[in-house]
Amino acid sequence: KSFFEKNKARVTAHKKRIVLYMTGIFGGMSTYDNSDLRPAHYESNITDYHFDCLMELIREVLKEHGKDVAVISDVLIRLQPARADVTTGFTVRMEVARKNVEKGKDGMFQRLGGMAGLDSLIEALYKVAWADARIKDLLMKDIAIIKAGQGAYIGELLGGPKSYKGRELVVVHKSLGINDYHFDCFLADLARAMMGLGHPEAMINEILVSVEPSRAAILGHSRGNGDVELSRDGVLLIDRFGGDGNVEAVVESMFDRCLEDTRIRFHFERTKSKQRQIRRQFCNYLTGCFGGLNTYDLSGLRKAHYNVNITDYHFDVMTRLFLDAAKYIGVDKGARQDAMLVLSKSRPDITTGCAVRLELAYKKQALKGADELFQRLGAFEGLMAIIDRMFECVERDKRINLFFEGTKLIAIKKSTSEYIMFVLGGPNDYQGRSLQEAHSVLQVTDYHFDCFLQNLNRAMGDLGCSTDAVDDATVVLEPLRFQVLQTHYEKNVY
C-alpha cells in the first residue's frame, strides 16, 4: 500500500502506464517503452517480497474476474521478467549495504555516533513518526515505554550494547494490528529521520538492511508466501507434476537441452561428476518447492550462484527450456505453468550476484569514465600484456580457437587487439569493419562469445587484476554481444 499511496493525478498516470505495459507483454499494441521500467523504479525500495505480494494480488483479481487457472498462470509467468527491472535498484543498494554490515556492526554503531548518535536518531525518528498519520496512532499509548524499547532494540541491531530486555517482538506487536504497510511506513520514516540528521546514503542503507529482517518477527510471518498455489483441489504440485520420477526426467531433459542450446551452454558445461551433482541438487530443489520432501538448503542458493555471471537473459532461456522439457515429458499444462512460477521465484537468488556486480561497474564507468579503467589496467603496456595473455589462452581453447586460425590470424589478432584496446579506454586505432559485418559470415554464437570473455577474464586474473577490474571490463564488453551476434540472432529469430 505504501508504494501506491499517491495523489489522484499520479495514480491515474501510474494506472495508464501499467495498462500500456501489460498490453505490450500480452501481445497487444502498446506505446510503453520497456526501457523506462528500470529507471522508473530504481530509487524505490521495492523488494522481491513486495513484488511477490503484487503478483498475489493480480492472481486474486484475475480469479474474481473468472479467469481460468491456465490464463492466470500465463499472465503471472509473463510478468515475472519485470521483477529484475522493478527490484534491481533496491537490490543493488541493499547488497552493497549488506556487505558493509558483514564487516562488523560495531563499526556501524560507532559511525552512527555511539549512544549519543542513537539517542539523536530515535528522537528524530519519533518526530517524523509522530507527524505521520499512517502510523501515529500506533505510538500514542505508552509512548515513553515504546520509545525506550525501540531504542534499545534498534541499538542492538546496529551493533550497540545488548540492553533490550523486552518481550519477543511478535508478542509485543500481536495486539496492535501492525501489517506490512505500517512496517514500510516506519522504514520510510527512519530513512527520512536519518536524512534530516545528515547521514550519508550508504549509512542509511546499511541501517535499513539491519532493521528489515525484523519484519518477519514483528508481523509473525515469513517473507514471500509466494504467488503459487502448490495445492489444487487437495492435490500438491509435486503430485500434479507426476511425482519425483517426472521431476528427475524433466531435469535430465532440460539439462540435455541446455547443453545443446548455445545461448546457455557455457553455464552448463562441467565435468560429468559436477553435472550429476548439479542435476541432483536441482531435482532436490524442485521437489521441495513443489511440496515434496525438502532436502535442499535454500539458504545456499544465492551463495552458489553469486559469483557466476548468469543474467536475466540466461535465466529466461533456462526457464523456457525447462517448460519445453516438461511438455516433452507429458506434464499437465496447469502443473507446467505452476512449476514455471515456482522456478521464476528463484530468479533473484540466481541472478542477483551478477546484476549487483555489473550495476556497480556501470555506475563506476559512468562516474569515472573509460579512461579510469584504462589507467587501472596499466595503460597501454598493461592492457597489451592482458590481450597477449588472452590470445595465448584463446589459441589453446578448442572451443573457439577455430575462429583464430589460418592465414589471416595476424590480421585478426591485430584488429581484435585494437578494438579491445579502444573499448577499454585506450587509443582508437581500429580501422576495420563494424562488428556485425565482421562476424556475419562466421558461425559465432553466445557460447563462443561467453568462452571469449572467459579467456579475457582468465588473462586478467593471471596478471593480477582485481575482481572489480574484471567486472568493470566485462561491463564494457558485454554490450558488444548484440553487435557481434546480431546476424546470428536474426537467423535464429532470438
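Me: What makes a residue count as buried here, and what share of the 494 residues of the chain does so?
Reply: Of the 494 residues, 45% count as buried. The term means under 20% relative accessible area, while exposed means over 50% and partly exposed is in between (1.4 Å probe, protein chains only). One thing to keep in mind is that this is a predicted model, where local features need pLDDT of at least 70, side-chain atom pairs count only at pLDDT 80 or more, and totals for chains, interfaces and linings use all residues. Residues are numbered from 1 along each chain as its sequence is written, and side-chain values use heavy atoms, with hydrogens and water left out.

Me: Why is Thr-87 called buried?
Reply: Thr-87 has 4% relative accessibility and the limit is under 20%, so Thr-87 counts as buried. Thr-87 sits in helix α5 (residues 82-102); helices are DSSP runs of H or I with at least four residues, strands are runs of E with at least two, and both are numbered from the N terminus. Beyond its neighbours within four places in sequence, Thr-87 is in contact (heavy atoms within 4.5 Å) with Ile-46, Thr-47, Asp-48 and Phe-51.

Me: And why is Arg-167 called exposed?
Reply: Its relative accessible area is 54% and the cut-off is over 50%, so Arg-167 is exposed. You can find Arg-167 in the loop between α8 (143-157) and α9 (169-173).

Me: What makes a group of residues a nonpolar core?
Reply: The members must be buried Ala, Val, Leu, Ile, Met, Phe, Trp, Tyr or Cys residues, joined through side-chain atoms within 4.5 Å. The largest such core has 52 residues, and those with the most contacts inside it are Phe-241, Met-254, Leu-286, Phe-290 and Phe-322. Helix α17 (residues 312-329) gives the largest share of this core, eight residues. Looking past its neighbours within four places in sequence, Phe-290 is in contact with residues including Leu-230, Phe-241, Phe-322 and Val-342. A second, separate core of 38 residues includes Phe-391, Phe-403, Ala-473 and Val-476.

Me: How do you know that there are cavities, and how many of 30 Å³ or more are there?
Reply: On a 1 Å grid over the protein atoms alone, a cavity is a set of points where a 1.4 Å probe fits but cannot get out, and lining residues have an atom within 4 Å of a point. The structure holds two cavities of 30 Å³ or more. The largest has about 100 Å³ of space, and Asp-48, Thr-87 and Arg-347 are among the residues that line it. Both α5 and α19 (347-368) supply at least two residues of that lining. The second largest cavity has a volume of about 60 Å³, with Lys-364, Glu-372 and Val-476 among its lining residues. Each volume is the space filled by probe spheres set on the points, which are joined across faces, edges and corners.

Me: Why is the radius of gyration of the chain said to agree with a compact globule?
Reply: The radius is taken over C-alpha atoms, and the globule rule is 2.2 Å times the number of residues to the power 0.38. With 494 residues the rule gives a value near 23 Å and the chain has 26 Å, so the two agree. The C-alpha atoms fill a box of roughly 85 × 55 × 50 Å, taken along the principal axes. The secondary structure comes to 26 helices and two strands.

Conventions
1 Å grid on protein atoms, 1.4 Å probe; cavity = no way out; pocket = protein on both sides within 12 Å on 5 of 7 lines; lining within 4 Å.
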